[in-house]
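Here's a quick tour for anyone meeting this structure for the first time. Have a look at the sequence and the model below, then read on.

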Amino acid sequence: MDAAELRRAYDQVLAEVDAGGFGPPPEGQLSAEQIVAHLAANDELMSEATEAVLAGSPFAYYDLDTIHRPQLDALVSECGGLDGLATLLRATSQKLCALADRLGPAAETPVETVLREGFDLDVDDSLPWGRALDLHIRVHLPLHLTQLRSLRRQPHPA
């Protein structure tokens, strides 16, 4: 698990969020605001897991993407929209990156992990926590980056 890679992955997501210009999502999909709220909420869960690993405490991590839409909507409302969510995501991602920097050999600590991202990722197993963070870098963040890019309004042809 490379904390510098984690930072780069977040930089890409945040640059996309800052670019704005998102349209409405297709039926049944998350909006840009809901995606950013999901990432911030997920960062908080991953930070809790990382803190537990660093403290030597047992922990289980569950990323339940679309089950908690009412909570995502509440977070969107609480933050006042995309700008507030971007500020929150900056804070949550910085905290997670700082904690990841401290992991060292503790990255090998097994954590009961449940990750589901459509057909791209389905994990329900004990993983070394560094591996779970690596999946976050290589699968989870890029998937949501792609979702954000797909929501960008396309210019209308003249």
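## Before we start

A polar contact here is a pair of N or O atoms within 3.5 Å; within protein, one of them must be able to donate a hydrogen and the other to accept it. Keep in mind that this is a predicted model.

## His136, tucked into H5

Let's begin with His136, which you'll find in helix H5, residues 129-151. Is His136 buried or exposed? With a relative accessible area of 3%, His136 is buried, because buried means under 20%.

The side chain of His136 makes a polar contact, at 2.9 Å, with the side chain of His140. Setting aside the neighbours within four places in sequence, His136 also touches a set of other residues: Leu6, Tyr10, Asn42, Asp43, Met46, Leu96, Leu141 and Pro142.

## H2 against H5

Helix H5 has a packing partner in helix H2, which covers residues 32-55. The two pack at an angle of about 170°, and their axes are 11 Å apart. That angle makes H2 roughly antiparallel to H5, since anything over 145 degrees counts that way.

Who makes the contact? On the H2 side, the residues include Asn42, Asp43 and Met46, and those three are also among the contacts of His136. H5 brings in His136 itself, along with His140 and Leu141, among others. Sorted by class, the contact of H2 with H5 has 12 nonpolar, seven polar and one charged residues.

## H1 against H4

Now for another helix pair: H1 (residues 3-19) and H4 (residues 82-101). Their axes are 10 Å apart, and the packing angle is about 175°, so H1 is roughly antiparallel to H4.

From H1, the contact uses residues including Leu6, Tyr10 and Val13; H4 supplies Leu96, Leu89 and Ser93, among others. By class, the contact of H1 with H4 divides into 13 nonpolar, one polar and four charged residues.

## Cys79 in H3

One more stop: Cys79 belongs to helix H3, residues 69-79.

Which residues does Cys79 touch, leaving aside its neighbours within four places in sequence? They are Gly84, Leu85 and Leu88. As for Ala37, it sits 42 residues from Cys79 in sequence, with 9.0 Å between the two C-alpha atoms in space.

Notes: Residues are numbered from 1 along each chain as its sequence is written. This is a predicted model: local features need pLDDT of at least 70, side-chain atom pairs count only at pLDDT 80 or more; totals for chains, interfaces and linings use all residues. Side-chain values use heavy atoms; hydrogens and water are left out. Helices (H or I, at least four residues) and strands (E, at least two) are DSSP runs, numbered from the N terminus. Buried means under 20% relative accessible area, exposed over 50%, partly exposed in between (1.4 Å probe, protein chains only). Contact means heavy atoms within 4.5 Å. Axes are lines fitted to C-alpha atoms, for helices over the stretch in contact, and angles run from 0 to 180 degrees between N-to-C directions. Angles under 35 degrees count as roughly parallel, over 145 as roughly antiparallel, 65 to 115 as roughly perpendicular and the rest as oblique. Ala, Val, Leu, Ile, Met, Phe, Trp, Tyr, Cys and Pro count as nonpolar, Asp, Glu, Lys and Arg as charged, and the others, Gly among them, as polar.
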